[in-house]
Amino acid sequence: MKEELVLSVRHVTSGYHEGGVFRRGAYHEVLHDVTFDIRYGEILGLVGESGTGKSTLARTILNMVKPDQGVVVHYTRRPQMIFQDPYSSLNPAYTVGWILEEPLRIYGKYDAPERKRRVRDMLDRVELPGEVLTAKPRELSGGQRQRVSIAAALIQRPRFIIADEPVSALDVTIQAQILKLLKDLRDELDLSFLFISHDLNVVYQLCDRVLVMKAGRIVEQGAVDDIFDHPQADYTRQLLAAAE
Amino acid sequence: MRRMNGYLKAGLLLTGFLAALIILGYFWTPYDPTAMAVGPKTDAPSLAHWMGTDNFGRDIFSRVLKGAGMTFAIALSTVAIGAVCGTAVGALTGYFGGVVDDALMRFNDALTAFPSILLALVIISVLGPGSKYNVVLALGIVFIPSFARVTRTAFAALREVNYVKSARLMGAGNGRILAVHILPNTMQVLLPAITIGFNNAVLAEASMSYLGIGVTPPDASLGYMLSEAQSMFTLAPWYAVGTGLVIILLVFGVGLIGEGLQRRGNEVA
């Protein structure tokens with residue numbers, strides 16, 4: 001049985017040249033021959049220490065960076081991203097109501113009353129009260145802002161989301177709430193996630209499968225239970241040992 | 001609306017008062033500002049002539065009202081040209097970077113290398129002297145580089161910010177990102193720059209008219225009147241004092257607004 005895919009990444013290699021004035025400087029490889037799939041409905045964790053290329057991979061998938069080799073194939077349209085820092089992901093010049101309606105204005109398929117209705121609906125899904133619509137982002141707490149970011153990312157109804165450390169800037173209690181929210185939304189809205197994190201506990205709670213990355217290479221991938229119970233690669237064992 | 005601070009309040013009050021006087025001056029002045037012998041020649045300030053009269057017996061207060069109107073209009077149009085064109089250049093160079101950035105900013109550097117009055121002088125001599133519109137155009141062009149520089153930095157910094165990345169992922173075009181998502185967030189640097197630019201424009205216009213390359217009769221600006229006042233300084237010192245005072249108050253008021261805006265910006269950041 002072939003499962004339906006939302007994303008295929010095949011042999012992606014990516015790097016950059018050191019800036020030189022007269023000629024290109026030395027080449028640094030950030031991603032090396034990265035290959036994986038994300039299946040419909042799953043939350044795929046991506047773990048590895050910082051500087052290992054996780055964010056570059058995210059940027060490559062979203063076409064912010066062109067890979068030097070390999071291909072990224074999306075099977076869904078308009079994938080969205082949830083960022084780590086809930087302070088810089090919301091435009092400070094506008095109210096929450098405007099921020100949530102803007103993706104629908106850009107999408108351009110709905111009239112004003114329908115847009116308002118969809119904003120209300122999404123606000124309910126992320127469990128925020130109606131009063132926040134007239135607030136500016138700076139008037140909200142970190143957890144509330146991350147809920148608004150999630151709502152803004154989801155309001156165009158994408159099927160695939162990249163979440164780059166979405167809870168690591170939040171308090172532990174708020175973290176648990178947001179993780180539960182993401183899980184609920186996955187079921188309600190048929191979402192698939194690439195969930196980037198350095199926190200193995202969070203990955204264990206949330207993800208179905210996990211990729212372990214080191215120095216731009218995927219060293220191990222598989223179901224979360226398998227990886228956590230029977231790690232094959234040395235690096236995965238080190239990571240797990242460090243987390244205990 | 002965010003909190004007002006003392007600078008902002010005082011500046012708005014002073015500038016508002018002057019603006020009201022100037023607007024009044026467009027419709028009504030105590031005497032015809034160009035009519036001669038409405039009073040005795042070189043008469044000291046009195047109840048009938050608040051700032052006295054000049055050597056032709058013209059009412060100086062009426063002339064200052066009209067002249068301030070001219071100066072205000074020139075400074076405003078100059079800043080409008082500089083801010084609109086400068087922001088457009090800054091947005092394009094800061095946002096897109098690359099070759100556009102290099103080409104436009106090196107041209108910008110070249111413009112900045114000349115002293116602004118000298119540059120305006122060159123432009124005036126190309127356009128033809130003696131017209132207030134050419135003064136506005138010349139000064140406007142001179143003011144573009146400073147606005148371009150200030151806004152370029154802001155646009156370049158905000159290009160990579162997460163909410164702009166999000167907007168791009170959602171399918172917003174470059175025009176929408178520049179005008180709707182980034183521009184409002186550059187106001188914190190743009191508004192103080194506009195107030196500073198306005199003051200520089202008032203002073204630049206005054207210097208040019210004082211040097212005789214600005215507005216010409218029958219138009220009169222505060223700068224032109226200062227050069228008139230110089231020739232009769234011993235006979236009617238109140239002419240220079242009245243005119244100079246209005247320039248100082250105008251610049252001071254707008255300067256206060258700029259300071260207030262900057263402080264308010266810093267509080268938020």
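Mentor: Let's start with a rule: two strands pair if DSSP finds at least two bridges between them, and strands (E, at least two residues) and helices (H or I, at least four) are DSSP runs numbered from the N terminus. This is a predicted model, where local features need pLDDT of at least 70, side-chain atom pairs count only at pLDDT 80 or more, and totals for chains, interfaces and linings use all residues. Residues are numbered from 1 along each chain as its sequence is written, chains are lettered from A and ligands numbered from 1 in the order in which they are written, and side-chain values use heavy atoms, without hydrogens and water.

Trainee: Which residue is the bridge partner of A:Gln80 in strand 6 of chain A?

Mentor: That partner is A:Ile161. Strand 5 (residues 80-82) of chain A runs parallel to strand 6 of chain A, with three bridges. Strand 6 of chain A is also parallel to strand 7 (residues 192-196) of chain A, through five bridges, and there A:Ile162 stands opposite A:Leu194.

Trainee: Through which helix does the chain cross from strand 6 of chain A to strand 7 of chain A?

Mentor: A crossover is right-handed if, with the strands pointing away from the viewer, the path from the first strand over the helix to the second runs clockwise. Here the path goes through helix 5 (residues 172-189) of chain A, and this β-α-β crossover is right-handed.

Trainee: Which way do the side chains of strand 6 of chain A point?

Mentor: In a regular strand, side chains alternate between the two faces of the sheet. A:Phe160, A:Ile162 and A:Asp164 point one way, A:Ile161 and A:Ala163 the other, and all are buried (buried is under 20% relative accessible area, exposed over 50%, partly exposed in between, with a 1.4 Å probe and protein chains only).

Trainee: How many aromatic pairs are there over all chains?

Mentor: Rings of Phe, Tyr and Trp (its six-membered ring) pair if their centres lie within 6.5 Å; planes under 30 degrees apart are stacked, over 60 edge-to-face, the rest tilted. The count is five over all chains. In one of the pairs, the ring centres of A:Tyr204 and A:Phe228 are 4.9 Å apart with planes at 50°, so this pair is tilted. A:Tyr204 is partly exposed at 42% relative accessibility, while A:Phe228 is buried at 18%.

Trainee: Why is the pair of B:Phe72 and B:Phe198 edge-to-face?

Mentor: Because their planes stand at 70°, with the ring centres 5.6 Å apart. B:Phe72 lies in helix 2 (residues 60-96) of chain B and B:Phe198 in helix 8 (residues 187-210) of chain B, so the pair ties together parts 126 residues apart in sequence.
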